Amino acid sequence: MLELILKIAGMIISALNIIMKVIDTIDKFKHQKSNRPSPK
């Protein structure tokens, strides 16, 4: 049971990492496309 929970948790973490990378890539692409300095 514990192994299954750990596997599921690992899959969720992996999925979150992928989503974060995708969002980051889209964000960079948007900044390049708009060609405006970031407000950060």
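User: Which residues make the nonpolar surface patch of about 950 Å²?

Analyst: Met-1, Leu-4, Ile-5, Ile-8, Ile-12, Leu-16, Ile-19, Met-20 and Ile-23 make that patch. Keep in mind that this is a predicted model, where local features need pLDDT of at least 70, side-chain atom pairs count only at pLDDT 80 or more, and totals for chains, interfaces and linings use all residues. Residues are numbered from 1 along each chain as its sequence is written, and side-chain values use heavy atoms, with hydrogens and water left out.

User: What makes a patch, by definition?

Analyst: Patch residues have over 30% relative accessible area and no salt bridge; nonpolar side chains (Val, Leu, Ile, Met, Phe, Trp, Tyr) are joined within 5 Å, like charges within 9 Å.

User: Why is Leu-16 called partly exposed?

Analyst: Leu-16 has a relative accessible area of 49%. Buried means under 20%, exposed over 50%, and partly exposed in between (1.4 Å probe, protein chains only), so Leu-16 counts as partly exposed.

User: Why is the contact of Lys-28 and Asp-24 called a salt bridge?

Analyst: The rule wants a side-chain nitrogen of Lys or Arg within 4 Å of a carboxyl oxygen of Asp or Glu. Lys-28 and Asp-24 come in at 3.6 Å, N to O, so the pair qualifies. The count by this rule is one salt bridge.

User: Are those two partners buried or exposed?

Analyst: Lys-28 is exposed, at 52% relative accessibility, while Asp-24 is partly exposed at 40%.

User: How much of the protein is buried?

Analyst: Buried residues make up 0% of the 40 residues.

Notes
Areas by Shrake-Rupley, 256 points an atom, 1.4 Å probe, with all protein chains shown as cover.
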